[in-house]
Amino acid sequence: MSISKNLEVIKNEIRNIALECGRDDSNVKLLAVSKTKPIEMLLEAYKAGQRLFGENKVQEGEIKVPLMPDDAEFHMIGHLQSNKVGKACKYFDCIQSVDSLKVVRKINNKCFELDKIMDVYLDINISGEDSKTGFPNDSSIIDIVKEIIQLKNVNLKGLMAIGPNTNDKDRIKKSFIDLKVLMDRINSELGINLKELSIGMSSDFKEAIESGSTMVRVGSSIFGLRS
Ligand SMILES: *Cc1c(COP(=O)(O)O)cnc(C)c1O
């Protein structure tokens, strides 16, 4: 199937799932995860109306971003090494994978130099799996958020997570709900209003939308399997 057809199918599924759980599908954005895919495929998605793209490597963003129309928006979704922060700030519109204070302080400093305000999400390790990056899902996150919201050149939008590596839909859903509960807790303890939950990939975006996802990150169902 073509990329435009795949996009249409996914957007329809998002709409139907949202409707079924009483949500407005305009509150569930679709991030097209284009990592490893050639620029021609991104342009095809762009032509079909897609504007939000996700990449997990700074080097790939550095190549692709300048080749795309200006109104394509790129989100960094992979673990960001501290020595790549400068380039990430230059090429990306949003960094969803903030997983340490060190990195977010560096993003803030770099964006101050670039006269830019970077949207960021905090990567939370909701599954607790050792293989995953992210802040632990515990009360230590409160002080971390308290510091981040003081930073002038980053704009904290919400939380991002990857579901547990299992086929057990109930476990997946429970971990997504844990993330929603964490965001509600951060908001009430700090009197702030984070709104965005970046959860859900090709295999589990249904459970994510049912749990309050505001952005699903879909790769293989749009662009095909990655080799
Ligand atoms: C690759 C990736 C996705 C998309 O995964 P698919 O299973 O291809 O939909 C989503 N989020 C992150 C962080 C990824 O690295």
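Two strands are taken to pair if DSSP finds at least two bridges between them. In this predicted model, strand 5 (residues 118–125) and strand 7 are joined by six bridges and run parallel. Within this pairing, D123 stands opposite M160 of strand 7. Strand 7 also pairs with strand 8 (residues 196–198), again in the parallel sense, over three bridges. M160 takes part here too, with S198 as its bridge partner in strand 8. Strand 7 spans residues 154–160 and is mostly covered, five of its seven residues being buried.

For S202, an N or O atom of the side chain is 2.5 Å from an oxygen atom of the ligand. The side chain of R226 has a polar atom 2.8 Å from an oxygen atom of the ligand. In the case of R217, the distance from a side-chain N or O atom to a nitrogen atom of the ligand is 2.9 Å. The ligand taken alone exposes 390 Å², of which the protein buries 90%.

Turning to the aromatic side chains, one aromatic pair was counted. The pair consists of F53 and F74, whose ring centres are 5.5 Å apart. Their planes meet at 20 degrees, and planes under 30 degrees apart count as stacked, so the pair falls in the stacked class.

Backbone geometry was examined next. Most residues other than glycine have a negative phi. T36 has a positive value, with phi near 70 degrees. T36 is located in the loop between strand 1 (29–33) and helix 2 (39–47). Phi of D115 is likewise positive, near 55 degrees. D115 is found in the loop that lies between helix 5 (101–114) and strand 5. The relative accessibility of D115 is 71%; the cut-off for an exposed residue is over 50%, and D115 is therefore classed as exposed.

Definitions and conventions
Residues are numbered from 1 along each chain as its sequence is written. This is a predicted model: local features need pLDDT of at least 70, side-chain atom pairs count only at pLDDT 80 or more; totals for chains, interfaces and linings use all residues. Side-chain values use heavy atoms; hydrogens and water are left out. Rings of Phe, Tyr and Trp (its six-membered ring) pair if their centres lie within 6.5 Å; planes under 30 degrees apart count as stacked, over 60 as edge-to-face and the rest as tilted. A polar contact is a pair of N or O atoms within 3.5 Å; within protein, one must be able to donate a hydrogen and the other to accept it, and residues adjacent in sequence count only if both atoms are side-chain atoms. Accessible areas come from the Shrake-Rupley method with a 1.4 Å probe; for residues, only the protein chains shown count as cover. Buried means under 20% relative accessible area, exposed over 50%, partly exposed in between (1.4 Å probe, protein chains only). Helices (H or I, at least four residues) and strands (E, at least two) are DSSP runs, numbered from the N terminus.
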